[in-house]
Amino acid sequence: MKRRRSVTALALAASLAAIGVAGCKSRSPSTSASVAPPSHRDGAPDWCGTTQITLAQLDGFGGNSWRLVTTASGEDEVKKCPSVTSYQYANGNGDTQKAISDIQAFTAKGVDAMVVFGDAGQAMLPAIRSAYKAGVVVVPYRVEVGGKAGVDYTQFIGASFVNDGVSWGTWIKRILPHGGHLLFLSGPKGNSQGNDELKGMTSVLDESYQFLNEAPYDVTNWDPALTQTVLTAEIAKNPKIDVIVSDFGPSLVGALPVFTRSGRSIPALATSDGNALGCFWKDNQAANPEFKLFTVATGNDNVRLAVDWAVAKATGGKPPDATAFQAPSFEDSVTGTPHPVACEPSLPGDIYLSAQLAKDAQVAAVNRK
Amino acid sequence: MVIDATTPHTTTAATRRSGSRLRLARGSVAIATATIALFGLGAAVAPSSVSHSAIIGMVPFAAVLAIAGLGQLLVVQQGGIDVSVAGGISLAVVIVTHEPDGDSARLAPAIAMAIGFAIAAGLVNGLLVTRLRLSAIIATLGMNSLLYGAVFAVSGGTPRSTTRLLARIAGDTTWGIPNAALFAVAALAVVAVLTKKTVAGRRFEAIGASPAAARAVGLRVRTHRTLAFVWAQLLYCLAGILLAGITHQPTAFQGDSLLLPSVAVVVLAGTSLLGGRGFPVATAIAAVFLRELQQFVLALGVDTSVQTLVQAIALAVGVALYSIDWSAVRQRWFGPGATHRQGDAS
């Protein structure tokens, strides 16, 4: 009996050692791709090299239409490169533990590249680092996870929220050249996105533009119910609001009628786009003379730049020059450039007409159960 | 006899029972007084918090909380806490937005489907608690996960925009009163009349006060307790449908932020967490109190952390009013005579 147990233990140890050796051998150091001269797959974009790879897209939280469109956009971008032989997706469902174990699982499965939406921020860094150290090309995007490129991961692809703030500020200056009263709404307290957007706005706007909100922004948690409550309080408190700035436009659709109920015109709005918001503007602009609308693209295409980087690094292609996604201006109801306000009443309210992904593909993405 | 048994943990001493009744009745008065005082304080310190537009904006959310609170009240009266309020509301929100997908004509079947889910969830909750004798918190915690599973199955976690019809039903006003408030008043009337004015309602409260005594006199304890969970889910369903209409672009997790407040309004209204006598009207008033408190701290323009602290302190004071034995505190600080003098005065 004792001998049998020791034989079993020996076999187990041997197999574990074999797995360990195989695990070590299966990967080349992730930096090797950057040393080799870039290759290029014919007929594919520059970032698509010739080495065949597998790629995984990981979401910390995938449960809203914006994420579904973003995920579909990532998959769409991957299809542009035939060198990617397999694409897989995992949704952390807002559970940090699951998001971490997803990364570990894909590392163990042996994927060559990962793009990671690290919703949990720095909590994701150890898992990201260990995947990178195991030889996976790891590209976190949009949410900062701390760490350094080349040490903890391959490359971080941020979103330039400061740029969004500058775009809003410039537009506000154009419609209100002599200053005005602004109300800025963002997500949870302390979120860096809101801080960066404010930095961008204040770099353009002088003291004649007065922020009515609690500094640095009114906290809404991006929750439509809380947004409505906060907006109600601000409307009651401030008889004059010239512009509302919000980094999640569609969540305002339920809240804006509060102005109408108070017998006031909906003010100008600088925000990010969404089909529901565009349609709301079309339905209400006639009755609300001060309701002007300016949007920046809501940033679904941020993932495309991350995919480009990950694929380039893993397949030996040429990475793009940009390392941060600059959301372009999308709609302007005053000048009509780059686009007049867009509304597709026949399509769901929660698709994003600014995204590159085709409308029918977006509808398919948000309809996917 | 049955009616007399509606105070929690009925004791043999008649004096103790009458003292307890007085304390609970005082609870209803306390929350009403606190609410009036809050409006008074708002008018003096932050007038915008009591302006017409602030109140019109606050009332629909208070109505939703009141309805969810009434559901929670029924479960609390049976000595439980219903954690599945979050999942129940979120599922209703998801069904009535995702199924019609913007088409008002498909709203009615979606509402019927939401009601079907609510009844099923309530029945399972009730059976888990009464037949399998699970603690209500554990049973409803599991049900909450199941309901969120249904949320994902129905919608993939993404509700749609509200249909125009639902937005009008829940978000518009009638004679200047937000429609959601009318729904809340109707729900309140149904709960108050059923529990206070019908034989079944009196039995329901008696069972909550003492299941053992109720069983001894031949009341159908299991049926009443199971129905408490079913009624609760139906009320959460109504709250979810209204919330979907009010917010226009809800999330799939809209019920989460109502879990704690739904218990808070029940406690603030003076209902004992041990079960027994319930206070539907006071629960609705407590919902107005909590939502107006939120408007008040927002109107003050204080930091978010202070807003959270003020609400937490209000809750702590409310709970302390009912759960601390104040006569013992008075005895300890002012000597045995203090209680007697207090008793004389009252």
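Helices (H or I, at least four residues) and strands (E, at least two) are DSSP runs, numbered from the N terminus. On this basis the secondary structure of chain B comes to 15 helices and 2 strands. That of chain A comes to 12 helices and 13 strands.

The model is predicted: local features need pLDDT of at least 70, side-chain atom pairs count only at pLDDT 80 or more, and totals for chains, interfaces and linings use all residues. Residues are numbered from 1 along each chain as its sequence is written, while chains are lettered from A and ligands numbered from 1 in the order in which they are written.

The predictor gives the complex an ipTM of 0.77 and a pTM of 0.77. Confidence in each residue is expressed as pLDDT, from 0 to 100. The average pLDDT of chain B is 84, and 88% of the residues score at least 70. Over residues 1-24 of chain B, pLDDT stays under 50. The model has 33 contacts beyond four places in sequence for residues 1-24 of chain B, a contact being a pair of residues whose C-beta atoms, placed from the backbone, lie within 7 Å. Over residues 341-346 of chain B, pLDDT also stays under 50, with 1 contact beyond four places in sequence. Where pLDDT is low, the predicted coordinates should not be read in detail.

Of the 369 residues of chain A, 53% are buried. For chain B, with 346 residues, the buried share is 53%. Among contacts in chain A between residues at least 6 apart in sequence, 74% join residues at least 24 apart. In chain B, residues 24 or more positions apart account for 78% of the contacts with a separation of 6 or more.

Chain A contains an open sheet of 4 strands, with parallel pairing and the order β2-β1-β3-β4. Strands pair if DSSP finds at least two bridges between them. β2 and β4 (137-140) of chain A stand at the edges, each with a single partner strand, so one side of each has no neighbour in the sheet. From one strand to the next, the twist averages 15°. Angles run from 0 to 180 degrees between N-to-C directions, and axes are lines fitted to C-alpha atoms, for helices over the stretch in contact.

Strand β1 (residues 53-59) of chain A is mostly covered, with 6 of its 7 residues buried. β1(A) pairs in the parallel sense with strand β2 (residues 84-91) of chain A over 7 bridges. Here D59(A) has N91(A) of β2(A) as its bridge partner. Another 5 bridges join β1(A) to strand β3 (residues 113-117) of chain A, again running parallel. L58(A) is partnered by V116(A) in β3(A). β3(A) and β4(A) run parallel and are joined by 4 bridges. In β4(A), V138(A) stands opposite M114(A).

Two helices pack on this sheet, as follows. Helix α5 (residues 125-133) of chain A touches β3 and β4 of chain A, and its direction makes about 150° with that of β4(A). Helix α11 (residues 302-315) of chain A touches β1, β2, β3 and β4 of chain A; its direction makes about 155° with that of β3(A).

F325(A) lies in strand β12 (residues 324-325) of chain A. F325(A) counts as buried because 23 C-beta neighbours lie inside 10 Å. Beyond four places in sequence, F325(A) touches I157(A), A159(A), S160(A), G299(A), D301(A), N302(A) and L305(A).

In chain B, the axes of helix α2 (residues 52-77) and helix α10 (residues 221-247) come within 8 Å and cross at roughly 170°. α2(B) is therefore roughly antiparallel to α10(B); angles under 35 degrees count as roughly parallel, over 145 as roughly antiparallel, 65 to 115 as roughly perpendicular and the rest as oblique. The contact residues include P60(B), V64(B) and I67(B) of α2(B) and F229(B), W231(B) and L235(B) of α10(B). By class, this contact has 19 nonpolar, 3 polar and no charged residues. Ala, Val, Leu, Ile, Met, Phe, Trp, Tyr, Cys and Pro count as nonpolar, Asp, Glu, Lys and Arg as charged, and the others, Gly among them, as polar.

Between the chains, 32 residues of chain A are in contact with 33 residues of chain B. On the chain A side, α3 (65-78), α8 (224-237) and α9 (257-261) each supply at least two residues. α8(A) provides the largest share, 10 residues. The side of chain A that touches chain B has 14 nonpolar, 10 polar and 8 charged residues.

Terms used
pLDDT is the predictor's confidence in each residue, from 0 to 100. A residue is buried if 20 or more other C-beta atoms lie within 10 Å of its own, exposed if 12 or fewer, and partly exposed in between; C-beta atoms are placed from the backbone.
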